[in-house]
Amino acid sequence: MKQTMPQKYYSRLWRAIIEFDLIAAGDRILVGLSGGKDSAFLTYALALVRACSPRPFDLAAITLDPMFTPDFDPAPLAAFCAGLDVPFFATRADIAGAIAQGGGKDPCFICSYLRRAVINRFAVEHGYNKIALAHHHDDAVETFILGLLYNGQRKTFLPKTHLDRTGLTVIRPLVYFREKDLRSTPRLHGFAPLANPCPL
C-alpha cells in the first residue's frame with residue numbers, strides 16, 4: 001500500500017510540530033504504540049514526516065503488554081512497524097497485578113502511572129530523548145473537564161512537556177486532530193486497530 005495521507009492531515013501535523021517545536025534535528029523519538037487507531041496513526045504519520053522532514057530524526061515504537069490477558073500478541077504491531085521501517089520493541093509489566101493489589105482504588109491512575117514509568121525507563125536506557133503520545137484535541141478537552149470536576153484545576157496537558165527527572169520530552173503531535181478525524185485513519189495505513197485488553 002502506498003504510504004500517504006490527505007494534505008489537511010499533513011497541515012495539522014506540521015502546524016503542531018512547528019508551532020510547538022516538537023521535533024529537532026537529531027532527535028530520537030519513541031512512539032507509545034498501544035495498537036489503537038490513534039497511536040497507529042501517529043506511528044504512520046511520523047514515519048511519513050521522517051521521510052520528508054528537513055530535520056532528520058530517528059523513530060521507533062514501543063508496545064507495553066499490561067498483562068490483562070494471557071494471550072497478548074505483539075506480532076501484528078511488529079509487522080505494521082516493519083512495513084513502515086520503524087524499529088519495534090515490546091515489553092511487559094504486571095499492571096493488572098498492581099491494580100489488583102490496589103484494591104480497585106484509582107485503577108486508571110495506577111495504569112497510566114505505571115505505563116509512563118515503564119516507557120520512560122525504556123527510553124532512557126535505550127537513548128531516546130523524546131516520547132510521542134497520541135493524545136488529540138478531544139483528549140485535551142476531556143482532561144480539562146475532568147480536572148475541573150475532580151480537582152478544581154483549570155489545566156490540561158501540553159503539546160510538549162519536559163520531564164526534569166528523566167531528561168525526556170513528551171510530545172503530542174496530534175493536538176490539532178479531532179476524534180472524528182481519526183476514525184477513518186485505518187483506511188490510510190491498512191492496520192486494523194487491536195481490541196483494548198482493559199477489563200475496566
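**Packing and burial**

Modeller: This is a predicted model. Start with H3: its buried residues pack against H2, S2, strand S3 (88–92) and helix H8 (186–189).

Colleague: Which residues of H3 are buried?

Modeller: Leu77, Phe80 and Cys81. Buried means under 20% relative accessible area.

Colleague: Why are the buried residues of H3 said to line one face of the helix?

Modeller: Look down the axis of H3. The buried residues fall within an arc of 95 degrees, so they line one face. An α-helix has 3.6 residues a turn, so residues three or four places apart point the same way.

Colleague: What does the face of H3 turned away from its buried side carry?

Modeller: The exposed residues Ala79, Ala82 and Gly83. Exposed needs over 50%. Just after H3, Asp85 takes a positive phi of about 60 degrees.

Colleague: Now H1 and H2. Why are they called roughly perpendicular to each other?

Modeller: The axes of H1 and H2 cross at roughly 80 degrees. The label covers 65 to 115 degrees. H1 and H2 are therefore roughly perpendicular. Their axes come within 11 Å.

Colleague: Which residues of H1 and H2 meet?

Modeller: From H1, Tyr9, Tyr10, Leu13, Trp14 and Ile17. From H2, Phe41, Ala45, Leu48 and Val49. By class, this contact has 9 nonpolar, no polar and no charged residues.

Colleague: Which residues touch the most other members of the largest nonpolar core?

Modeller: Met5, Leu13, Ile23, Phe41, Tyr44, Leu59 and Leu174, out of 39 residues in that core. The elements giving two or more residues to this core are helix H1 (7–19), strand S1 (28–32), helix H2 (37–52), strand S2 (58–65) and helix H3 (75–83). H2 gives the largest share, 9 residues. Another core, of 11 residues, lies apart from it; among them are Ala60, Ile62, Ile119 and Tyr128.

Colleague: What is Ile23 in contact with, leaving aside neighbours within four places in sequence?

Modeller: Ile17, Ile29, Leu46, Arg55, Phe57, Lys130 and Ile171.

Colleague: Last one: why does Gly32 count as buried?

Modeller: Gly32 has 14% relative accessibility. The cut-off is under 20%. So Gly32 counts as buried. Its place is in strand S1. Beyond neighbours within four places in sequence, Gly32 is in contact with Ser39, Ile62 and Ala132. The C-alpha atoms of Gly32 and Ile131 are separated by 7.1 Å, though these residues are 99 residues apart along the chain.

Note on methods: Residues numbered from 1 in each chain as written. Predicted model: local features only at pLDDT ≥ 70, side-chain atom pairs only at ≥ 80, totals over all residues. Heavy atoms only, no water. Core = buried A, V, L, I, M, F, W, Y, C linked by side-chain atoms within 4.5 Å. Buried < 20%, exposed > 50% of the residue type's maximum accessible area, 1.4 Å probe, protein only. Helix = DSSP H or I, 4+ residues; strand = E, 2+ residues; numbered from the N terminus. Contact = heavy atoms within 4.5 Å. Arc of directions from axis to C-beta. Axes fitted to C-alpha atoms, helices over the stretch in contact; angles between N-to-C directions. Parallel < 35°, antiparallel > 145°, perpendicular 65-115°, else oblique. Nonpolar A, V, L, I, M, F, W, Y, C, P; charged D, E, K, R; others polar.
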